[in-house]
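Subject: Structure handover

Hi,

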Amino acid sequence: MHSFIKLNYISMIYALVFLIPAELLLNAYRIQRLTQWSFGTVNTISLILSLAVLLAGSIFLYRLTQKTWNGRKIKYWTALIWFPYFILFTQLFALLFPITNRGDMAGSGSGLILLGWLAAYPFYILLLNLFNP
């Protein structure tokens with residue numbers, strides 16, 4: 001039971017590491033409107049923050065997985081369990097911060113990029129766990 005709880009905590013962190021860049025991508029127009037920055041500045045800052053979250057999250061999760069499971073096969077389940085938490089956190093974000101201005105809606109290209117990220121992220125998690133002793 002203790003391993004199951006740890007598995008869920010680590011899966012939640014994987015979901016948060018994916019959620020932050022996804023929300024930055026989808027809310028670029030809202031960030032631009034609220035900060036009055038140019039769209040290029042918003043994109044640059046979002047890209048830098050997204051890469052920083054992905055890098056720091058990967059290092060943190062690599063070390064946490066290594067410390068928690070030390071080579072056990074249960075760590076591979078995080079490639080599946082992160083997704084329900086991502087959906088939960090996305091719904092919670094949408095509930096707490098609803099879009100009230102129609103101009104803040106993300107374009108269709110953002111959705112396609114997000115679908116590509118969603119398809120690749122489980123493989124990224126598997127690779128991160130595969131190279132973890």
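Serine 46 is buried, with a relative accessible area of 11%; buried means under 20% relative accessible area, exposed over 50% and partly exposed in between, using a 1.4 Å probe and protein chains only. Serine 46 sits in helix α3, and its side chain reaches the backbone oxygen of valine 42 at 2.8 Å. I count a polar contact as a pair of N or O atoms within 3.5 Å; within protein, one must be able to donate a hydrogen and the other to accept it, and residues adjacent in sequence count only if both atoms are side-chain atoms.

Before the rest, please keep in mind that this is a predicted model, in which local features need pLDDT of at least 70 and side-chain atom pairs count only at pLDDT 80 or more, while totals for chains, interfaces and linings use all residues. Residues are numbered from 1 along each chain as its sequence is written, and side-chain values use heavy atoms, with hydrogens and water left out.

Threonine 68 is also placed in helix α3. The side chain of threonine 68 reaches the backbone oxygen of leucine 64 at 2.6 Å. Leaving aside residues up to four places away in sequence, threonine 68 touches Lys6 and Ile10, where a contact means heavy atoms within 4.5 Å.

Now the overall picture. The protein chain has five helices and zero strands, so defined because helices (H or I, at least four residues) and strands (E, at least two) are DSSP runs, numbered from the N terminus. From the N terminus on, the elements run α-α-α-α-α. The C-alpha trace spans about 50 × 25 × 25 Å along its principal axes. Of the 133 residues of the protein chain, 31% count as buried. Among the contacts in the chain with a separation of 6 or more, 88% come from residues 24 or more positions apart.

Helix α5 is worth a look. Helix α5 covers residues 108-130, which makes 23 residues, and reaches 34 Å from its first C-alpha to its last, close to the 33 Å expected at 1.5 Å a residue; the expected span is 1.5 Å times one less than the number of residues. α5 bends by about 30° at alanine 120, and proline 122 follows within four residues. The bend is the angle between axes fitted to the seven residues ending at a residue and the seven starting there. The buried residues of α5 are Ser110, Leu114, Tyr121, Ile125, Leu128 and Asn129. What covers them includes α1 (2-26), α3 (39-69) and α4 (78-96).

How many aromatic pairs does the structure hold? There are twelve. Rings of Phe, Tyr and Trp (its six-membered ring) pair if their centres lie within 6.5 Å; planes under 30 degrees apart count as stacked, over 60 as edge-to-face and the rest as tilted. Phenylalanine 18 and phenylalanine 86 form an edge-to-face pair, 4.9 Å centre to centre with 80° between the planes. This pair links distant parts of the chain, with phenylalanine 18 in helix α1 and phenylalanine 86 in helix α4, 68 residues apart. Phenylalanine 18 counts as buried at 4% relative accessibility, and phenylalanine 86 is buried with a relative accessible area of 6%.

Phenylalanine 18 also pairs with tyrosine 121: the ring centres are 4.8 Å apart and the planes at 45°, so the pair is tilted. Since phenylalanine 18 lies in helix α1 and tyrosine 121 in helix α5, this pair ties together parts that are 103 residues apart in sequence. Ring pairs link Phe18, Trp82, Phe83, Phe86, Trp117, Tyr121 and Tyr124 into a cluster. Of these, phenylalanine 83 is in helix α4 and counts as partly exposed at 39% relative accessibility. Phenylalanine 83 and alanine 15 are 68 residues apart in sequence and 6.7 Å apart in space, C-alpha to C-alpha.

Last, the charged side chains. A search of the whole structure finds one salt bridge, meaning a side-chain nitrogen of Lys or Arg within 4 Å of a carboxyl oxygen of Asp or Glu. The side chains of aspartate 104 and arginine 33 meet in it at 2.6 Å, N to O. Aspartate 104 is in the loop between α4 and α5 and arginine 33 in helix α2 (residues 28-35), 71 residues apart. Aspartate 104 is buried, at 2% relative accessible area, whereas arginine 33 counts as partly exposed at 34%.

Best wishes
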